[in-house]
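Me: I would like to learn how to read the sheet and the helix packing in a model. Please take one feature at a time.

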Amino acid sequence: ESNDYYGNIKNFDSVAFDTLQKSLKSSKFLVYWFVEGWQESWFDITKIQEAMDAGITPVFNYWYFGDKLMNGMPDATKKAEYAEDYERVVTFLNKLNGKKILIMEPEFNKQNILSSESNQHEFATIIGDAIDYIKSNTTDILFSLAMTDTGNRSVNETYEKCGYDNCSLGDKYEWSKTKDIYNSLLDKLDFISFQEMVGQF
């Protein structure tokens, strides 16, 4: 019992975990990630197709720039490398028959992107060009853009900009900063998504 790891798991609820596992098996989606430097060998095309044939839709989070967006906008070289990468994405996706979802640059709402109108416009152009290329060279695909849940998360903060009784429920001010990007891409997106970083709670 002096083992720290055991101390963390000794109250493990196997019945609750079994219930969770059973509910996950009823999911209609499987999530995969394309990151910078991804390799086709990371994915089992046959298994993904089998899942698709069984009615499960693959969701690909295309996180090419990732946290590098915190360091500044991509330069011309990085944009050219990105164009080469999304050509590879098209080749990969065309090996799958059926509906696919591609979520462009999840967690894109980094402060550097949102800091100016010119950065937002540039980012929307980069992502829009990628969507146009992939859409025109792939079939049965839906596109989304995903923010991560950022902003103030303190249960002790209640400032008006949050827009809720307290900021742990969300930060409407932070969400509103992406308005220009979404307005630029509205005609290219099939739906809007976001992700919740539950660890912070």
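Me: In what order do the five strands form the open sheet, and is the pairing parallel or antiparallel?

Reply: Strands here are DSSP runs of E with at least two residues, helices are runs of H or I with at least four, and both are numbered from the N terminus. Two strands pair if DSSP finds at least two bridges between them. In this predicted model, the order is β1-β2-β3-β4-β5 and the pairing is parallel. β1 (29-35) and β5 (191-195) are at the edges with a single partner strand each, so one side of each has no neighbour in the sheet. From one strand to the next, the twist averages 30°; angles run from 0 to 180 degrees between N-to-C directions, and axes are lines fitted to C-alpha atoms, for helices over the stretch in contact.

Reply: As to the basis, this is a predicted model in which local features need pLDDT of at least 70 and side-chain atom pairs count only at pLDDT 80 or more, while totals for chains, interfaces and linings use all residues. Residues are numbered from 1 along each chain as its sequence is written, and side-chain values use heavy atoms, with hydrogens and water left out.

Me: How many bridges join β3 to β4?

Reply: Five bridges join β3 (residues 100-104) to β4 (residues 141-148); isoleucine 101 has leucine 142 as its bridge partner in β4. On β2, tyrosine 62 has methionine 104 of β3 as its bridge partner, and β2 and β3 pair over four bridges.

Me: Which residues of β3 lie on each side?

Reply: Side chains in a regular strand alternate between the two faces of the sheet. In β3, Lys100, Leu102 and Met104 are on one side and Ile101 and Ile103 on the other, all buried (under 20% relative accessible area with a 1.4 Å probe, protein chains only; exposed is over 50%, partly exposed in between).

Me: At what angle do α4 and α6 pack?

Reply: Two packed helices are described by the angle between their axes and the distance between the axes. Helix α4 (residues 76-93) and α6 pack at about 30°, with axes 10 Å apart. The two are therefore roughly parallel to each other (angles under 35 degrees; over 145 is roughly antiparallel, 65 to 115 roughly perpendicular, the rest oblique). Among the residues making the contact are Tyr82 and Val90 of α4 and Ile126 and Tyr133 of α6, where contact means heavy atoms within 4.5 Å.
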